[in-house]
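Student: I have not seen this structure before. Please show it to me, and then I will ask about its parts.

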Amino acid sequence: MKRLFLLAFLFTIAISAQSQNLAQQVKEFDAYIEASRKLYEVPGLAVTVVKDGKVILSKGYGVRQLGTNQAVDSKTLFACASTTKAMTATCMGMLVDEGKIKWDDLVINYLPEFQLYDPFVTRELRIRDLFTHNSGVGNADFLWTTMNISSDEILAKMKMIEPSYSLRSSFIYQNIFYLAAGKVIEKVSGMPWEVFIQKRIFDPLNMTRTFPLLSQVKDANQSHPHYLVDTKITVIERTSADAIGPAGSVWSCADDMAKWAMCMLDSSKYAGGRLVKAATWNELFKPQVMVTASQFYPTAQLTKPNWKTYGLGWFQQDYNGRKINFHTGSLAGETAIHGQLPSEKLAIYVFGNLDHAEVRHALMFKAFDHFALGGTRDWSAEFNSLYKKLSAAGDVAEKKMEAARVTGTSPSHPLAQYVGTYTSTLYGELIITINGDALFFIMNNTAKATLTHWNYDTFRGNYEKRWWGQTSASFTANASGKIQSVIIEDMEFTKK
């Protein structure tokens, strides 16, 4: 009896020591987060860390909007952006479990109206291909960023986009195919994607502060996006990704993302059951395609992975001999990252409200080290230095382009002859007018910019939304000498 009492006593002491050690670890990581936020000058962050089936940290840092005292807390709403993709893949996995669809079914069997430029790809595209960014079609985000059109119209225009490579031969990140996946979910389930994800993921997990679409968010406790404009961190307007919802429109908070992270760590289990079968959960995280170096994150320069893959809604790499699954989310002025270290039952989710503040990567790798793998590398300092070098290289390239400008030239025509309405079956409508001694364009009543003469028949200037940066317009004339077309960022419009 005495021996049993002694063992119980020693066990209690051991548990208490572990608890005290974890509390100290959390305290240290908490301080590291705040120091990192200040280093990267992010107005606000929200972070949650889960380990061994428990939430060990869920907290807000800084403010929701610069210049205010509106503190971020664990219930503040942020954009999940592309971390939504893993949720959409899980939705499809549920339908696979129900026998209503298979990963290798032909997409055309469910969406006969979804046509691509290459008829072969249209015929051969599989459900799995919608999630793996290897369809052959390059980036097509102009369809929702510079055009105010419906989801169905976005998908219809995909037929006009020439492929960048052959089917399944490479990797280029693609949002629009996740939109197509959402349409398949609707066709098979009879529910729009935003209804399906609410009923099948958010409600079962009790994610009461998670919204499928920005248009559904009416809560005042919501973060504002920020961008570095002319060397000053500035509040900008929110970007809606509702038109491509399944690719990145979810809004949530740290407390709710802790529930999602724990569910995904534990083979999709939750208090009421599980979201998908074990085999389907394994399929979601199984490497599907190799990711090219140019399409992976610059962080690889420091973490030096031996392999880089993509699952179904997850980037993957090796780190200290373990496999990690992660995905970032980025909209203008808003960032997120969801990182999982399955072997150690550890996950972290980070929200931020400053454009491409890569403190998210730093906190992810630091969490993996601090709570599981050991090591003392200051990832915040290292990544901050890396991205500053990349930014400086971009500045050098910009100056090089400016230096190549041919000075002393004049437009070949009076400004009035560049004025008019230009159209493109793919890119929409461009209206050009005169604003003083400059040209002013409106593209699809969405993108607006004022351009001054740069050289020859090229004009250059800032977008009205300054965080969009600069753009240029290069005009060409026909055989009669009249202005015939204009190219803006590889998009060609013909004058009516």
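Student: Which strands does helix α13 lie across, and at about what angle does it run to β19?

Tutor: This is a predicted model, in which local features need pLDDT of at least 70, side-chain atom pairs count only at pLDDT 80 or more, and totals for chains, interfaces and linings use all residues. Residues are numbered from 1 along each chain as its sequence is written, and side-chain values use heavy atoms, with hydrogens and water left out. Helices (H or I, at least four residues) and strands (E, at least two) are DSSP runs, numbered from the N terminus, and axes are lines fitted to C-alpha atoms, for helices over the stretch in contact (heavy atoms within 4.5 Å), with angles from 0 to 180 degrees between N-to-C directions. Helix α13 (residues 379–403) lies across β18 (447–455), β19 (458–463) and β20 (470–477), and its angle to β19 is about 145°.

Student: What is the order of the strands in the closed barrel?

Tutor: Two strands pair if DSSP finds at least two bridges between them. The pairing in this barrel is antiparallel, and its neighbouring strands are turned by 30° against each other on average, direction ignored. The 8 strands run β15-β16-β17-β18-β19-β20-β21-β22.

Student: Which residue of β17 stands opposite I432?

Tutor: Strand β16 (residues 428–435) pairs with strand β17 (residues 438–443) in the antiparallel sense over 6 bridges. Opposite I432 stands F441.

Student: Which strands stand at the edges of the open sheet?

Tutor: The open sheet has 8 strands in the order β2-β1-β14-β13-β12-β11-β10-β9, with antiparallel pairing. Two of them have a single partner strand each, so one side of each is left without a neighbour in the sheet: β2 (54–62) and β9 (289–290).

Student: How many bridges join β11 to β12?

Tutor: Strand β11 (residues 315–319) and strand β12 (residues 322–331) run antiparallel. D318 stands opposite K323 in β12. The number of bridges joining the two strands is 5.

Student: Which residues of α9 meet α2?

Tutor: Helix α2 (residues 84–97) packs against helix α9 (residues 254–265) at an angle of about 50°, with the axes 13 Å apart. From α2, the residues are A86, M87 and T90. From α9, they are M257, W260 and M264.

Student: Is V235 buried, exposed or partly exposed?

Tutor: V235 lies in strand β5 (residues 232–235). Buried means under 20% relative accessible area, exposed over 50%, and partly exposed in between (1.4 Å probe, protein chains only). At 31% relative accessibility, V235 is therefore partly exposed.
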